[in-house]
Amino acid sequence: MGVETATVIIVIPLVKMASSQGGVGAVPALSNHHLSNGPHWNPGINQHQHHLHTTRSLDRALEDSVCSGTLNLSGRKLRDYPGLSYDLTDTTQADLSKNRLTEIPPEVCLFAPLESLNLYHNCIKCIPEAIINLQVLTYLNISRNLLSTLPKYLFNLPLKVLVVSNNKLLSVPEEIGKAKELMELDISCNEIQVLPPQVGRLRSLRELNIRRNCLHMLPEELADLPLIRLDFSCNKITEIPPVYRRLRQLQHIILDNNPMQSPPAQICLKGKVHIFKYLNIQACRMDKKPDSLDLPSLGKRCLPQPLTDRYTLLYHIRILFINWVVRALNANWLTTNNNTGMTKHNLESRLKVLLPDDVGAALMDGVVLCHLANHIRPRSVASIHVPSPAVPKLSMAKCRRNVENFLDACKKLGVSQDKLCLPHHILEERGLVKVGMTVQALLELPASKPTQLSAV
């Protein structure tokens, strides 16, 4: 008995050692031991057993769908619709995503109560006309497929959400304007070159994603929509139409990776508030409203036609300055002996404008101040460092140079020492009252009558 007991004691460690080292002899013994506990670990399972397991799982999913009205066949590598033997006509939600379907199953198009259909990540090349049978369908995701067109009849459905991103679409049909209830449209990551003006009829649209396409321009008709989120990043768009200032409900605008010229890149980088200020200024200029700046009237200066980008930039810089002065006046930053009303009157008289109400950009890079000095006396500041689309933000060294050049110009023009601010008042925004006094003193100097604007 003692020998037999010793034999048992010796064999058990050998089996454990073999299993831990991946020994060949141990695998059958361990797999047989665990088979009785369920299919948690089946290294010896064959392909036939796996197929039976998958089939049983699929059958269970279809049986559950009959009772629940929710069909979930996602991620099963299906090439064909497997539900022919089941009555699923009462299905309200169907998820066939992440399979290998080459078409929308005709049987699915007969699910009259279907409200949501997810076909994400398949190999579908077209949408059949039978889809018009789904007259209560409000959600359709057919992204990451092989669609090259969207059929006209698709927009006769009461869709509220349509996601067709990551396909091969070249255009959007005009019939999209019929989708009056559409609230979210995602046509990103396609090859669309033009959006039809009919998108302006989508009066319920809240979110529009046209990211990563081949768009060169945005339709003005979008301006009247109740958009909350607009993403047109990664396109070839150079201009935001000024009418987009009417998008009053817009909370998120995403426009990176576009060759933006209007607004310039440095304004786009500052975010939505600054973009909309720019659009308002553009609209005033185009409409020639009383509060717009009529550029040729400034000291009766004449610009060569057509306007170059240099003069356009200078025009907007001047408007930004005027806006800042208005803010300063309203906040009592300009503390001079004259009262606020007289100061405002002097500014309007000098610049030949009616001052607008909107607030301008910061002065800390010195660009606006240098141009103001050149407005009072051309070439007062001979060289001005300005941002560019490639380098939208000046280095601190260039900002300091601009500010120092501005203050030097003020001295030469006759601003007294006691009214001159210091560089850190501008660069660090620590002395707006002092900056205001300097600006006010500069505006009170007599202006010359130049023949052209200073160069940027």
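At 42% relative accessibility, D224 is classed as partly exposed. The model examined here is predicted.

**Exercise 1.** Determine which residue forms a salt bridge with D224, and explain what the pair ties together.

*Solution.* 
Step 1. Side chains of opposite charge can pair when their charged atoms come close.
Step 2. The partner of D224 is R246, with the closest N and O atoms 3.0 Å apart. A salt bridge requires such atoms to lie within 4 Å.
Step 3. R246 is partly exposed, its relative accessible area being 36%.

**Exercise 2.** State how many salt bridges the whole structure contains, and describe the one formed by R400.

*Solution.* 
Step 1. R400 pairs with E404, at 4.0 Å from N to O.
Step 2. Both residues lie in helix α9 (residues 396-413), four residues apart, which means that about one helical turn separates them.
Step 3. R400 is partly exposed at 36%, and E404 is partly exposed with a relative accessible area of 36%.

**Exercise 3.** Identify the buried residues of α9 and explain where they lie around the axis.

*Solution.* 
Step 1. Buried means under 20% relative accessible area.
Step 2. The buried residues in α9 are C399, N402, V403, F406, L407, A409, C410 and L413.
Step 3. These residues cover an arc of only 155° around the axis, and therefore lie on the same side of α9.

Conventions. Residues are numbered from 1 along each chain as its sequence is written. This is a predicted model: local features need pLDDT of at least 70, side-chain atom pairs count only at pLDDT 80 or more; totals for chains, interfaces and linings use all residues. Side-chain values use heavy atoms; hydrogens and water are left out. A salt bridge is a side-chain nitrogen of Lys or Arg within 4 Å of a carboxyl oxygen of Asp or Glu. Helices (H or I, at least four residues) and strands (E, at least two) are DSSP runs, numbered from the N terminus. Buried means under 20% relative accessible area, exposed over 50%, partly exposed in between (1.4 Å probe, protein chains only). The arc is that of the directions from the helix axis to the C-beta atoms.
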